[in-house]
Amino acid sequence: MAVPGEAIGDGIADLLGIEPGMVVQTRNWGLGTACLDGVRAVLERHRGGELLDESADEIIDVVLLCWREGDGEGEGDGDLVDALMDAMGNLDDVGWIWLITPEAGHGGQLASDELAEAVPAAGLVRTGGHSLGDGWRAIRLTWPPWRRTWR
């Protein structure tokens, strides 16, 4: 389901399953991800508080991880598997990660084989996705069913 850029509004929270009071963390957020300029303010208003950054040590309900081809290629940087593993650090057992990446045909898109290898290598499973419009998509990643502890 594509969401036109100007229509994202409060619907982005529903699309991503973010409810008021959830603890949401952003990772790799400030690296030129232009489609996300207004998303942070909308999500903060919807959930009733600020989104946490990478330095947070709280238990996280949802992680928004922005990633493009070439991210993590700097000296000392890790790859997508490392970024996913870092994102899982404080993730609640029933939490999830939205991997936000350019759609096919847009600059910085991930190769499908990179994504197919990185997700299971990090110990996650792909459980859905949405187009965010303006050339971006969100891929939902969760713990595998055997790993989750249901409350």
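A residue counts as buried when its relative accessible area is under 20%, and as exposed when that value is over 50%. The exercises below apply this to a predicted model.

**Exercise 1. Classify isoleucine 139 as buried or exposed, and state which residues it contacts outside its sequence neighbourhood.**

Step 1. Isoleucine 139 lies in strand β5.

Step 2. Its relative accessible area is 1%, so isoleucine 139 is buried.

Step 3. With neighbours within four places in sequence left aside, isoleucine 139 is in contact with Ile97, Trp98, Leu99, Thr101, Leu115, Arg126, Gly128 and Gly129.

Step 4. One of these residues, tryptophan 98, is 41 residues from isoleucine 139 in sequence, and the two C-alpha atoms are 5.4 Å apart.

**Exercise 2. Give the order of the secondary structure elements in the protein chain, and state what share of its residues is buried.**

Step 1. The chain has 4 helices and 5 strands.

Step 2. Read from the N terminus, the elements run α-β-α-β-α-β-α-β-β.

Step 3. The chain has 151 residues, and 44% of them count as buried.

Step 4. The accessible surface is about 7500 Å², with 50% of it belonging to carbon and sulfur atoms.

Step 5. Among contacts with a separation of 6 or more, 73% are between residues 24 or more positions apart.

**Exercise 3. Describe the packing of helix α3 against helix α4: at what angle do they pack, how far apart are their axes, and which residues make the contact?**

Step 1. Two packed helices are described by the angle between their axes and the distance between the axes.

Step 2. For α3 (residues 80-88) and α4 (residues 112-121), the angle is about 40 degrees and the axes are 9 Å apart.

Step 3. The crossing of α3 past α4 is right-handed.

Step 4. On the α3 side, the contact is made by Leu80, Val81 and Leu84; on the α4 side, by Glu114, Leu115, Ala118, Val119 and Ala121.

**Exercise 4. Which residues of α4 are buried, and where do they sit around the helix axis?**

Step 1. Leu115, Ala118 and Val119 are the buried residues in α4.

Step 2. These residues cover an arc of only 100 degrees around the axis, so they are on the same side of α4.

Step 3. An α-helix has 3.6 residues a turn, so residues three or four places apart point the same way.

Step 4. The face of α4 turned away from the buried side carries Ala116, Glu117, Pro120 and Ala121, which are exposed.

Step 5. The buried residues of α4 pack against α3, β3 (91-102), β4 (125-133) and β5 (136-142).

Step 6. Just after α4 comes glycine 123, with a positive phi of about 85 degrees.

**Exercise 5. Carry out the corresponding analysis for α3 and α2: which residues are buried, and what covers them?**

Step 1. In α3, the buried residues are Leu80, Ala83, Leu84, Ala87 and Met88.

Step 2. Their arc, seen down the axis of α3, is 140 degrees, so they line one face of the helix.

Step 3. The cover over the buried residues of α3 includes β1, β2, β3, α4 and β5.

Step 4. In α2 (residues 39-47), Val39, Val42, Leu43 and Arg47 are buried.

Step 5. The arc they cover around the axis is only 115 degrees, which puts them on the same side of α2.

Step 6. The cover over the buried residues of α2 includes α1 (11-16), β1 and β2.

Step 7. Glycine 48 follows α2 and has a positive phi, near 85 degrees.

**Exercise 6. Classify glutamine 25, cysteine 66 and aspartate 79 by accessibility.**

Step 1. Glutamine 25 is in strand β1 (residues 24-27). Its relative accessible area is 3%, so glutamine 25 is buried.

Step 2. Leaving aside neighbours within four places in sequence, glutamine 25 is in contact with residues including Leu52, Ile60, Val62 and Leu64.

Step 3. Cysteine 66 is in strand β2 (residues 60-66). At a relative accessible area of 1%, cysteine 66 is buried.

Step 4. Cysteine 66 is 39 residues from arginine 27 in sequence, with 6.4 Å between their C-alpha atoms.

Step 5. Aspartate 79 is in the loop between β2 and α3. Its relative accessibility is 41%, so aspartate 79 counts as partly exposed.

Step 6. Aspartate 79 and tryptophan 67 are 12 residues apart in sequence, and their C-alpha atoms are 9.9 Å apart.

Notes: Residues are numbered from 1 along each chain as its sequence is written. This is a predicted model: local features need pLDDT of at least 70, side-chain atom pairs count only at pLDDT 80 or more; totals for chains, interfaces and linings use all residues. Side-chain values use heavy atoms; hydrogens and water are left out. Axes are lines fitted to C-alpha atoms, for helices over the stretch in contact, and angles run from 0 to 180 degrees between N-to-C directions. Helices (H or I, at least four residues) and strands (E, at least two) are DSSP runs, numbered from the N terminus. A crossing is left-handed if the near helix is turned anticlockwise from the far one by less than a right angle, and right-handed if clockwise. Contact means heavy atoms within 4.5 Å. Buried means under 20% relative accessible area, exposed over 50%, partly exposed in between (1.4 Å probe, protein chains only). The arc is that of the directions from the helix axis to the C-beta atoms. Accessible areas come from the Shrake-Rupley method with a 1.4 Å probe; for residues, only the protein chains shown count as cover.
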